[in-house]
Amino acid sequence: MELILVRHGRPERDDNSSDPALNDLGHRQAQAVSQYLQGEQIDQVLSSTMVRARQTAEPLAEALGIDLVQRDDLREVDDHRDQYIPGEEMTPESDFVKAFLEDPHFLFADHGGWGPWKARITTTFDDIINSHRGQRVAVFCHGVVMATFFCTVMGTEDAFAVSVDYTGITRAKGNSGGLRSIQSWNETAHVREMLT
């Protein structure tokens, strides 16, 4: 089966929640990725239950006439935090950046650490692959979720060695026998003029 992984569009800053909606640019990015993928013969559209991923997935699901299926196990690693600041707005003086530079793995602490987090993401994608044999599935989720999947496929433990832009597309293949491969990483031609 084929996976089309899509990072969500640009979200609003939210000082009271880790689950913000898309901003105006993010909605335009969602429309652009929808138009780009409409000719792909997609069988299913999945998304994280977080608002920014769901709002990015909705235009494609609607255009294809497919019911959007939301999965809680696709939520981002920061889903427990009390605010969301887009990376572009963070400064070196922010507490988050200081903590990240001191120990990037602090992000996984509320999920039991890197090992349990990686196991959860691996199990999630194994389930998606095994449940959609022979299909092409678009999965709208988050940067660290996508990077973790990359780690499981490529056999690395460094989730921060790769990154993906807003509505960047990663293509992968998998089968029920455990074969996984990355076909492309971070396709952005559809939003090139909308990346900041």
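Leaving aside residues up to four places away in sequence, Thr-148 touches Trp-114, Trp-117, Lys-118, Ile-121 and Ala-159, where contact means heavy atoms within 4.5 Å. The model is predicted, so local features need pLDDT of at least 70 and side-chain atom pairs count only at pLDDT 80 or more, while totals for chains, interfaces and linings use all residues. Residues are numbered from 1 along each chain as its sequence is written, and side-chain values use heavy atoms, with hydrogens and water left out.

Thr-148 lies in helix α5; helices (H or I, at least four residues) are DSSP runs numbered from the N terminus. With 0% relative accessibility, Thr-148 counts as buried. Here buried means under 20% relative accessible area, exposed over 50%, and partly exposed in between, with a 1.4 Å probe and protein chains only. The side chains of Thr-148 and Trp-117 are joined by a polar contact of 2.9 Å, that is, a pair of N or O atoms within 3.5 Å, in which, within protein, one must be able to donate a hydrogen and the other to accept it, and residues adjacent in sequence count only if both atoms are side-chain atoms.

Next come the aromatic rings. Rings of Phe, Tyr and Trp (its six-membered ring) pair if their centres lie within 6.5 Å; planes under 30 degrees apart count as stacked, over 60 as edge-to-face and the rest as tilted. This rule gives seven aromatic pairs. Phe-96 and Phe-106 form an edge-to-face pair, 5.6 Å centre to centre with 65° between the planes. This pair links distant parts of the chain, with Phe-96 in helix α3 and Phe-106 in the loop between α3 and α4 (114-131), ten residues apart. Phe-106 is partly exposed, at 25% relative accessibility. Phe-125 and Phe-149 make a tilted pair, 4.5 Å centre to centre and 40° between the planes. Since Phe-125 lies in helix α4 and Phe-149 in helix α5, the pair ties together parts that are 24 residues apart in sequence. Phe-125 is buried at 1% relative accessibility, and Phe-149 is buried at 2%. Ring pairs also link Phe-100, Phe-108, Trp-114, Trp-117 and Phe-160 into a cluster.

Terms used:
Helices (H or I, at least four residues) and strands (E, at least two) are DSSP runs, numbered from the N terminus.
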